[in-house]
Amino acid sequence: MTTTTERGVVLTIPGVCPSVNALMAGRLRERIRAKNEWWEATYFTWLEAGRPKFLEPVTVEVRIYFPTRRKRDWPNFAAGGVKVIIDALVGIDCLECGDDDDALDMQRPTMLYDRENPRVELTIREREDSQP
């Protein structure tokens with residue numbers, strides 16, 4: 001599900017967000033497959049949203065919904081699945097930030113619980129300070 005507003009979009013990518021540990025452990029083939037699956041899921045979610053593009057600096061809010069209430073270390077997920085998603089959005093030209101730290105403002109992800117519908121939600125908005 002995707003929601004589009006005048007100056008932003010909410011992208012909802014289904015599935016359990018992988019941690020950096022999950023993306024770095026195991027056989028190389030499995031790690032590549034996991035990254036590719038998240039990259040493709042991001043791409044198809046972006047297509048469903050109407051291919052939004054952000055040419056100005058953006059703010060990204062991330063909410064990660066897990067199927068269990070188990071305690072998790074948020075930096076592992078920011079460096080894992082969330083990084084793959086952001087890299088995919090830059091790679092498909094949704095975000096024009098590239099390596100420019102000033103063009104992407106992202107806070108720590110919010111970790112939530114939804115047993116029936118694990119997912120990652122990204123709210124991407126043009127920053128207020130980027131408007132003339």
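Author: Helices here are DSSP runs (H or I) of at least four residues and strands are DSSP runs (E) of at least two, each numbered from the N terminus. On that basis, this predicted model has three helices and six strands in the protein chain. Read from the N terminus, the elements follow the order β-β-α-α-β-α-β-β-β.

Some features of the whole chain come before them. The protein chain has 132 residues, and its radius of gyration of 14 Å agrees with the value near 14 Å that a compact globule of that length would have. Along the principal axes, the C-alpha atoms fill a box of roughly 45 × 30 × 25 Å. Among contacts in the protein chain with a separation of 6 or more, 84% are between residues 24 or more positions apart. Of the 132 residues, 37% count as buried.

Thr 42 lies in helix α2, which spans residues 28–48. Because its relative accessible area is 0% and buried means under 20%, Thr 42 is classed as buried. The side chain of Thr 42 reaches the backbone oxygen of Trp 38 at 2.8 Å. With neighbours within four places in sequence left aside, Thr 42 is in contact with Ile 13, Ile 85, Ala 88 and Leu 89.

Val 16 is placed in the loop between β2 (8–14) and α1 (20–24). Its relative accessible area is 42%, and Val 16 is therefore partly exposed, the class between under 20% and over 50%. Leaving out neighbours within four places in sequence, Val 16 is in contact with Trp 38, Phe 66, Pro 67 and Pro 118.

Thr 42 is buried, whereas Val 16 is partly exposed.

As for the surface of the whole, the protein chain exposes about 8000 Å², of which carbon and sulfur atoms supply 49%. The chain carries 19 positive and 22 negative charges, and the mean positions of these two sets are 10 Å apart.

Note on methods:
Residues numbered from 1 in each chain as written. Predicted model: local features only at pLDDT ≥ 70, side-chain atom pairs only at ≥ 80, totals over all residues. Heavy atoms only, no water. Rg over C-alpha atoms; globule rule 2.2 N^0.38 Å. Buried < 20%, exposed > 50% of the residue type's maximum accessible area, 1.4 Å probe, protein only. Contact = heavy atoms within 4.5 Å. Areas by Shrake-Rupley, 256 points an atom, 1.4 Å probe, with all protein chains shown as cover. Lys, Arg positive; Asp, Glu negative; His and termini not counted. Charge placed at Lys NZ, Arg CZ, Asp CG, Glu CD. Polar contact = N/O pair within 3.5 Å; in protein donor to acceptor, adjacent residues only side chain to side chain.
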